[in-house]
Amino acid sequence: MSAHRPTVVIGFIGVQLDRARGPERWSRWRPTVGLCQHEDLLVSRFELIFDPRHEPLAREVMADMRTCSPETQVNLVPMPVRDPWDFQEVYEALYDWVRAYPFDAEAEDYLIHLTTGTHVAQICWYLLNEARYLPARILQSSPPRGTNRGDTPAGEYSIIDLDLSKYDRIATRFAQEQEQTLDFLKSGIATRNPAFNRLIGQIEQVAVNSSHPMLLTGPTGAGKSLLASRIYELRQQRSGLAGRFVEVNCATLRGDQAMSALFGHRKGSFTGAQTDRPGLLKEADKGLIFLDEIGELGADEQAMLLRAVEDKTFLPLGSDKPVRSDFQLIAGTNRDLRAEVVRGTFREDLLARINLWTFALPGLAERREDIGPNLDYELERLSRGQRKQVRFNKEARDRFLKFALSAEARWSANFRDLNAAVTRLATLAPRGRITEECVEAEIGRLKDAWLRPGEEGETTVPCKLLPSLLGEEACAEIDPFDLVQLEHVVQVCRDSVSLSDAGRKLFTVSRKSKAKSNDADRLKKYLARFELSWARCAGDTRRKT
């Protein structure tokens, strides 16, 4: 309490606690009158709120307050409330009064007397104060503790500042809880990269305080799926999500399968639809759905998803009755969706709905200082799964980290590369001890896996067409044998006028031994193994003759 600024107390009259008559009232504790009996609490002004039905009591109390403290200005504030236990009515009355009151926090010190009034009024005071409509601290009074209470009718009081940053113990506790939350989102990994730690801090704030869609971007293997599941578990704990976590890789959904998988279908809606299917969006009702690689969705699925995100309803295949699902959405992608919008392959309105909160996860190569902690985490997780202890010896760990942190280590598949390396090391470790020999062999395997077409040690010829179709990272994950074959198949598709024409050229020998050949279907299935279609392979360069 400031010694330089006048103190203003705001509070309700205590209809029961402040009521007393006759000379004996001066030996009885009355909370409102008692505040004016403390020598160390000098009240300059008291805004005494009362129901007009209790005006006589209010005037009696005001007279006693002036007797105890003549320097205190007591203002009677009539506040008619039909039902003092009606939360909405009480809150609206207090809100209107507070908004109209000429607070001057620079010139005056305000205290809210929380002891008097109904529990509803006390809750409303707290909410208005916590929302910063009231620039005040809480004043709480209590009866005297002594057995002979008549000797100390003023009672006791305490002042509570709801600015929690001023309470070191409370602030420390909240900081510890937030640190535990961040640790949870990071799966207990003591990450050291400052940018990544700041990113996780932002995600924690959004995950706890917002249920709007989130978009996680970043390269394949950056940890989007694991982070999405952690966000779901955090929201379960903090927000009480009752539904389940549903994860979908949109790259695996094609055609009717995509519509049916996401939005469900009715029996008989298409060939093979023998029973009703609820769909994954419905299964995520009251829960969270993670749509990984959302950029792979077709135009029809994007349109349906937009409606589902906006009003939580959608039409299953073959149905004319909308289904409702109150799901929360996290989307993931390794594409630049803004570029996809420009190309016309992704809806601009859908992107606007899902990118309110966009977080770009860096690849492992961008946060090499976190490789050590993640290495320990992966090894510990693998040991628990296999129920046997596996450890590096010091020299082996130092050798692996030296390589992992160097420019030689590309980590093109990010944490998938690291997980695969640890799995191989643990599996091949003699008697559960990873040696330098194990590490050297693994380094060789990783280098071979990261070789690109045309680089020294590569056994394939450079690919000209596949990188533009699949991307460099996807090509690096395909065996050299398959790369050569697939490159040839794509070239034939580019040189053919139709899917059937390309099939006849590619299966010119084997088709002769078949009674009934379906070259187009064979080629379609082959391309699907690599998530390719005839349209993508043929492109605009296919011949029209």
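I started with Arg-21 and Glu-60, whose side chains form a salt bridge at 3.2 Å, N to O. My criterion for a salt bridge was a side-chain nitrogen of Lys or Arg within 4 Å of a carboxyl oxygen of Asp or Glu. This pair links distant parts of the chain, 39 residues apart. Arg-21 sits in the loop between β1 (7-12) and α1 (31-34), and Glu-60 in helix α2 (residues 55-68). I took helices (H or I, at least four residues) and strands (E, at least two) as DSSP runs, numbered from the N terminus.

A note on the source: this is a predicted model, where local features need pLDDT of at least 70 and side-chain atom pairs count only at pLDDT 80 or more, while totals for chains, interfaces and linings use all residues. Residues are numbered from 1 along each chain as its sequence is written, and side-chain values use heavy atoms, with hydrogens and water left out.

Next I checked accessibility. I called a residue buried under 20% relative accessible area, exposed over 50%, and partly exposed in between (1.4 Å probe, protein chains only). Arg-21 is exposed at 58%. Glu-60 is partly exposed at 30%.

I then searched the whole structure and found 32 salt bridges. Side chains of opposite charge can pair when their charged atoms come close.

I looked at two pairs within helices. Asp-398 and Lys-394 form a salt bridge at 2.9 Å, N to O. Both lie in helix α14 (residues 394-404), 4 residues apart, about one turn of the helix. Asp-398 is partly exposed at 37%, and Lys-394 is exposed at 59%.

Asp-501 forms a salt bridge with Lys-505, with the closest N and O atoms 3.6 Å apart. These two are also 4 residues apart, in helix α20 (residues 499-506), so about one helical turn separates them. Asp-501 is buried at 14%. Lys-505 is partly exposed at 37%.

I also noted a network of salt bridges that links Glu-296, Arg-335, Glu-340 and Arg-343.

Last entry: Asp-370. I found Asp-370 in the loop between β13 (357-360) and α13 (371-386). Its relative accessible area is 0%, so Asp-370 counts as buried. A polar contact of 2.9 Å joins its side chain to that of Arg-367. For a polar contact I required a pair of N or O atoms within 3.5 Å; within protein, one must be able to donate a hydrogen and the other to accept it, and residues adjacent in sequence count only if both atoms are side-chain atoms. Leaving out residues up to four places away in sequence, Asp-370 touches Thr-191, Arg-192, Asn-193 and Phe-196. Contact here means heavy atoms within 4.5 Å.
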